[in-house]
Structures are given as C-alpha cells and as structure tokens.
Amino acid sequence: MADEPLVLGIETSCDETGVGIVRGTTLLADAVASSVNDHARFGGVVPEIASRAHLEAMVPTVQRALDTAGIKASDLDGIAVTAGPGLAGALLVGVSAAKAYAWALDKPLYGVNHLASHICVDQLEHGRLPEPTMALLVSGGHSSLLLTADITTDVRPLGATIDDAAGEAFDKVARVLGLGFPGGPVVDRMARTGDRKAIHFPRGLSGPKDPEYDFSFSGLKTAVARWVEAKRRAGEDVPVADVAASFQEAVTDVLTRKAIKACKDNDVDHLMIGGGVAANSRLRAMAEQRCERAGIRLRVPRPGLCTDNGAMVAALGAEMVWRDRAPSALDLSADSSLPVTEVSVPHNDVHGEAYRALDGQA
C-alpha cells in the first residue's frame with residue numbers, strides 16, 4: 001500500500017450517484033450522475049425513482065471515475081461507501097455495489113457516515129482538519145452543529161434542527177414563489193437582485209430561553225407562505241426577489257450566529273461549513289464577515305464539494321485507512337438513521353465471520 005491511501009468512495013444517500021477517488025487528501029476523480037431532473041416535476045425527491053436511477057448509473061459512474069483518475073480498480077487500497085443516514089432504498093444500492101467491489105477486488109470496505117463525510121471533504125481543498133473543529137452542516141435533510149476532535153472516531157452533536165432543515169425550507173419557499181425545484185440555487189440567484197431588508201421574517205429559536213444550538217425553520221417557512229398569500233389575496237404583485245432575499249437573510253443570520261456562538265462557547269477557533277446549503281452565496285459571505293470579526297478561521301469547500309458527492313466519502317475512507325481504523329464487515333447494512341456519533345460501521349468478531357467465510361477460512 002502506498003504511503004497515501006488510494007480509496008474509491010460511493011455516495012447514494014439521496015438523488016446523486018457520486019463516485020470519487022482520493023489519494024490521501026488529493027482528489028483524483030469526482031464523477032456524479034444526478035437524477036434531479038427526474039424529480040423536478042414532483043417538486044421533491046421520489047425515493048423509488050432515486051433508487052432506480054442509482055442502479056442504472058452505478059457501474060458507468062464508477063468506470064468514469066476510474067478513467068478520470070487514470071487507475072485500475074485493482075490499484076485501490078479500499079472502498080468506502082455511505083452507510084447512512086439517507087433514503088433507505090438509495091443507500092442500499094450504494095452499499096450493495098460497494099460490497100460487491102470490495103469482495104471482487106479483495107479490498108477492505110468502509111461503511112461511513114454521510115454527515116462526517118461532509119466534514120472530511122474539506123481536507124481535499126484546505127488540508128487536514130484542525131483538531132478540534134466546529135462544523136456547521138446544512139443541507140436538504142440536516143442542519144447540525146458538530147464538534148469533532150477526530151473525524152474518524154469523535155464527532156459530537158451540539159445542536160440540530162427540530163423540524164425542517166434549512167435546505168428543505170429553501171425548497172418549500174421556492175415552491176411557494178413558483179421558482180421550481182431544487183429551491184436552494186434558484187432562491188440564491190433570485191435573492192441577488194432583491195432587498196434583504198425589505199421584509200423582516202422571524203428568526204427561529206433565537207430567544208433567550210430557546211435551545212442555544214438547535215435550529216427551527218418551519219415557522220419561517222410558514223411566515224413566508226402567509227406573507228405571500230396575503231399579498232395575493234389583496235391583489236398585489238409579490239416582490240419575489242425581495243421575498244427570496246429576506247427569507248435567505250433570516251436563514252443565514254440564524255445559522256451563522258449560532259455557529260459563531262458554538263465556537264466561542266467551546267473555545268474552538270476553526271469553523272467548517274458543509275452540506276448543499278454551504279454553496280449559498282449569502283451564507284458564505286455572512287460567515288466570512290462574522291468569523292473575521294470573531295477571530296475564527298473559516299473553512300468552506302468550493303460549491304461543487306458541498307453538495308452530495310463521492311469525493312467526500314472517498315476522503316473519509318482515505319482518512320480511515322491512513323489512521324489504520326478497522327474496516328466494516330462484508331455483511332454491512334445501510335442504516336437510514338445512522339447517528340452522526342457513529343462515524344463508521346465497524347468490523348467486529350461476529351460480523352467478521354463474513355470476511356473469513358468469503359476468504360475460505362471459516
């Protein structure tokens with residue numbers, strides 16, 4: 001094995017079939033096949049459609065990644081795959097494929113956590129994570145504040161959304177405004193021509209007695225919908241750009257304010273922001289301004305690495321190999337509700353029978 005491990009990562013937690021190849025902390029390939037257009041007419045991801053799309057895209061996407069990296073599958077030091085959380089059927093496709101490749105190639109298998117992978121992907125752009133690092137993860141399914149002392153073993157949740165995640169709220173507000181799906185990119189674009197101070201929308205869980213690190217965006221989404229409905233009932237035009245900008249400001253204000261507080265309260269001088277919503281231009285700008293004022297170093301991957309991708313899974317897999325963490329068993333199962341504290345699904349004596357049986361040793 002080379003000093004820097006060469007790992008292939010597979011990501012199928014939602015509607016992106018992602019395959020990445022990483023050597024150490026260097027990205028060699030990041031192949032993605034998206035089924036987002038298949039879901040657009042439904043206004044959201046349809047799990048069964050996503051699963052079928054993963055099945056069709058898996059083998060060609062793996063081959064495309066190998067070709068881009070200029071390597072053979074036999075060169076790999078390990079196979080990593082998102083074991084959870086995510087859509088159960090979609091996860092099963094990726095896990096099944098990873099197990100097949102690991103068995104056929106006689107390579108170790110690493111079932112890893114989707115959220116931890118979103119943190120680890122930053123290593124591909126900014127080098128290894130400082131320890132500890134505070135991570136703000138914001139996506140369609142998650143809004144979380146996580147403190148990590150070791151990305152392979154120690155990720156501690158400080159706060160999370162109690163209802164809608166930030167990305168989910170973007171999708172729902174985009175639907176109210178008739179902007180289509182997915183909502184995040186289109187709301188961001190529309191907001192650039194709007195006045196973010198035009199409408200003061202509520203900031204959820206921001207009171208003195210509210211949980212200091214938790215998030216809530218359901219009330220904000222409802223407030224936007226009611227404001228828009230009132231305008232339409234009155235026969236007035238809806239200033240879509242202003243609504244988009246004001247809504248986006250409310251989301252990013254809460255996210256960055258709580259993240260800075262978590263850093264200060266826990267004496268952490270680095271903040272990493274990941275997940276699909278981390279591609280939002282206003283969130284990146286506000287976080288940069290507030291971190292600079294607070295003396296906190298900000299790490300945000302480029303937008304292409306913020307959304308779901310195989311590179312992030314490969315990055316965490318490579319870190320697992322580099323730190324000599326135990327691989328998963330070949331009877332690894334997908335877990336749609338895998339807790340973030342379980343960074344990887346470990347190999348153990350009971351599950352190890354699967355390895356020994358396949359090796360002809362049991």
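## Starting at Arg299

Arg299 touches Asp122, Gln123, His126, Gly127, Arg128, Leu129, Pro130, His270, Leu271, Met272 and Ile273, leaving out residues up to four places away in sequence; contact here means heavy atoms within 4.5 Å. This is a predicted model, where local features need pLDDT of at least 70 and side-chain atom pairs count only at pLDDT 80 or more, while totals for chains, interfaces and linings use all residues. Residues are numbered from 1 along each chain as its sequence is written, and side-chain values use heavy atoms, with hydrogens and water left out.

Arg299 sits in strand S10 (residues 297-299); strands (E, at least two residues) and helices (H or I, at least four) are DSSP runs numbered from the N terminus. With 9% relative accessibility, Arg299 counts as buried, a label for anything under 20% relative accessible area with a 1.4 Å probe and protein chains only (exposed is over 50%, partly exposed in between).

## The cores

Ile273 is in contact with Arg299 too, and its other contacts beyond four places in sequence include Leu136, Val138, Leu283 and Val300. Ile273 is also among the residues with the most contacts inside the largest nonpolar core, which has 46 residues. Such a core is a set of buried Ala, Val, Leu, Ile, Met, Phe, Trp, Tyr and Cys residues joined through side-chain atoms within 4.5 Å. Elements giving two or more residues to this core include strand S6 (133-138), strand S9 (270-274) and helix H10 (281-294), but H9 gives the most, with 12 residues. Apart from that core there's another, of 30 residues, with Met272 and Val313 among them.

## H6 against H7

The axes of H6 and H7 come within 8 Å and cross at roughly 65°; axes are lines fitted to C-alpha atoms, for helices over the stretch in contact, and angles run from 0 to 180 degrees between N-to-C directions. That makes H6 roughly perpendicular to H7, a term covering 65 to 115 degrees. Phe170, Asp171 and Ala174 of H6 meet Gly183, Gly184, Val186 and Val187 of H7.

## The sheet

Now for the strands: an open sheet of 6 runs S3-S2-S1-S4-S5-S11, with mixed pairing, where two strands pair if DSSP finds at least two bridges between them. Strand S3 (26-34) and strand S11 (344-345) are at the edges with a single partner strand each, so one side of each has no neighbour in the sheet. Helix H2 (residues 47-69) packs on the sheet, touching S1, S2 and S3.

Methods: Parallel < 35°, antiparallel > 145°, perpendicular 65-115°, else oblique.
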